[in-house]
Amino acid sequence: RTLPAIPMGPGSETVGGSGERSFDEMQQALRDFRAYLYTGTQPASYTLGLIEAMMTGIPVISIGPAWMKVFSYGPSLFEGHEIVSAVDKLGWHWRPWSDDPDVARGMLEALLSSRSYAAEQSAVQRARAIELFGKAKIAAEWRAFLG
């Protein structure tokens, strides 16, 4: 509440969002906006939306696993909070997620109030996304899997 927010994607217009957007419009939004709140989906452990946001370079705050309550195994399956967490080049641990909405809000406020902090977090998370999902890594994993 009271933070600037624009829900995007199919069905979001029912909650005041923009509705479905083209691929180009979504990419532009990820480049233009200051922060991305990742709320996941169930039963998937994470979504392509999270990967796209991190790869694009928008800093991401994730909810914690305690909110994955649709299935009894939801909290154990959820990985969004682990994916956004990283260690930067200086050894600083970035943990941009929380099960507490007030803490997550504070993280979002910090990103919105400081462009330099947002840029730092963005760079750390983009490096993490490339480490986990970059073309070279994924191609090697598919080769290994397919033999």
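Mentor: Let us begin at the surface: the protein exposes about 9,300 Å², of which carbon and sulfur atoms supply 59% (Shrake-Rupley method, 1.4 Å probe, with only the protein chains shown counting as cover for residues). This is a predicted model, in which local features need pLDDT of at least 70 and side-chain atom pairs count only at pLDDT 80 or more, while totals for chains, interfaces and linings use all residues. Residues are numbered from 1 along each chain as its sequence is written, and side-chain values use heavy atoms, with hydrogens and water left out.

Of the 147 residues, 33% count as buried, that is, under 20% relative accessible area with a 1.4 Å probe and protein chains only. The largest nonpolar core has 16 residues, among which Leu50, Met54, Val60 and Val84 touch the most other members; such a core is a set of buried Ala, Val, Leu, Ile, Met, Phe, Trp, Tyr and Cys residues joined through side-chain atoms within 4.5 Å. Two or more residues each come from α2 (48–56), β2 (60–63), α4 (80–84) and α6 (115–133), where helices (H or I, at least four residues) and strands (E, at least two) are DSSP runs numbered from the N terminus. Helix α2 gives the largest share, four residues.

Consider Val60 in particular. Leaving aside residues up to four places away in sequence, Val60 touches Tyr36, Tyr38, Leu50, Ala53, Met54, Val84, Pro96, Gln121 and Gln125, a contact being heavy atoms within 4.5 Å. A second, separate core of six residues includes Ile61, Met107, Leu111 and Ala118.

Conventions
Buried < 20%, exposed > 50% of the residue type's maximum accessible area, 1.4 Å probe, protein only.
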